[in-house]
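Student: Hey, I've got a new structure to look at. Can you walk me through it?
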Amino acid sequence: MIDSFTQIYGVFGNPARHSKSPFIHNFAFQYYHINAVYLAFEPDEIAKSLEAMRALNIKGASITLPFKETVMAYLDRIDEDAEAVGAVNTIVNKGGMLHGFNTDYKAAVEPLKPFGIQGKKVCIVGAGGAAQAVAYGIYKEKGRLVITNRNEKRGKILAEKYKADFFSLDDIDSLLKIQPDILINTTSVGMSPNISDLCFPLDYLSPKTLVMDIIYTPLKTRLLHGAQLKGCRIIDGLTMFLNQGAQQFKLWTGINPDIELMRKIMLKDKNL
Ligand code: ATR
């Protein structure tokens, strides 16, 4: 029940209305009997939103596009991993002090840990904001990083940061030679409504490759569908989304939410 003690959390992004975060966090607050509500805010800029967080005692926030980098200038403290990634996606309000964290990088590596990351050749497709977080996570877990991207300059900058190899997505001969143990798509290629688009040639994957996508609309992208037909193990984008949300929930409440339960609840949502 919402009353005068209800604590406020929310996502700050623009756009933010499409976000599935209110759905999972409000479910979790209810499920764990926490008197809190999670809303969506669509500000034009982020500085005043943080003033509002302090003034209204908003307890925590998810930060999404386009504010993940700009928000960093207005925080009181930034966790060292978020600093290294160069982006904040989570804020915890500790008595008016706003602390920034990044749960995206952990969300990418947690589902891969059971398969082992250390020493594995991990190919990241893309070099944007999502790729930055995923690359940091893999680097931290001592995977052997390979970056491939359409825009060479952007790709090379990311590769240099983590001493990784780089191949252009146009360099078909080199792509064939990568033969990664793990392939992770961090681009928007294949996202609804362009579901027939493919970010990496399926012929260049072996059945031994573990293929992960960060897209969750559709749940089974063309990349994952094709990889599965080849016999590859796959991890869908909902897994990463739920992991980043679960780690935010832990930072705010101290509770490790049941990710499998949250997955079931989200799959019942007909928008997925
Ligand atoms: P995000 O922060 O969500 O990662 P972004 O910073 O815009 O978003 O990055 C998007 C990534 O998807 C980039 O690597 C982009 O490639 P470029 O650097 O070449 O622009 C990649 N991307 C988007 N559309 C693409 C397409 N049609 N083909 C190949 N790569 C694409």
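Student: What volume does the second largest pocket have?

Tutor: About 160 Å³. A pocket here is an open set of points on a 1 Å grid over the protein atoms alone, where a 1.4 Å probe fits, with protein on both sides within 12 Å along at least five of seven lines. The volume is the space filled by probe spheres set on the points, which are joined across faces, edges and corners. Keep in mind that this is a predicted model, where local features need pLDDT of at least 70, side-chain atom pairs count only at pLDDT 80 or more, and totals for chains, interfaces and linings use all residues. Residues are numbered from 1 along each chain as its sequence is written, and side-chain values use heavy atoms, with hydrogens and water left out.

Student: Which residues line the second largest pocket?

Tutor: Among them are Met 1, Ile 2, Phe 29, Gln 30 and Val 37; a lining residue has an atom within 4 Å of a point. Helix α1 (21-31) and strand β2 (36-41) each give two or more residues to that lining, and α1 has the largest share, three residues. Helices (H or I, at least four residues) and strands (E, at least two) are DSSP runs numbered from the N terminus.

Student: How many charged residues are in that lining?

Tutor: There are no charged residues, but six nonpolar and four polar ones. Asp, Glu, Lys and Arg count as charged, Ala, Val, Leu, Ile, Met, Phe, Trp, Tyr, Cys and Pro as nonpolar, and the others, Gly among them, as polar.

Student: Switching to the ligand: what surrounds it?

Tutor: Its shell includes Gly 126, Ala 127, Asn 149, Asn 151 and Arg 154, each with a heavy atom within 4 Å of the ligand. The shell divides into three nonpolar, seven polar and two charged residues.

Student: Which atom of Asn 149 lies 2.8 Å from a ligand oxygen?

Tutor: A polar side-chain atom. For Asn 151, a polar backbone atom is 2.8 Å from an oxygen of the ligand, and a backbone N or O of Ala 127 lies 2.9 Å from one. The protein covers 67% of the 640 Å² of accessible area that the ligand has on its own (Shrake-Rupley method, 1.4 Å probe).

Student: How many salt bridges are there?

Tutor: Seven, counting a side-chain nitrogen of Lys or Arg within 4 Å of a carboxyl oxygen of Asp or Glu. One joins Asp 76 and Arg 54 at 3.0 Å, N to O. Asp 76 sits in the loop between β3 (60-63) and β4 (77-78), and Arg 54 in helix α2, 22 residues apart.

Student: Where are the cis peptide bonds you'd point out?

Tutor: One runs from Leu 65 to Pro 66, with omega near 5°, and Pro 66 is in the loop between β3 and β4. Another joins Thr 217 and Pro 218.

Note on methods: A polar contact is a pair of N or O atoms within 3.5 Å; within protein, one must be able to donate a hydrogen and the other to accept it, and residues adjacent in sequence count only if both atoms are side-chain atoms.
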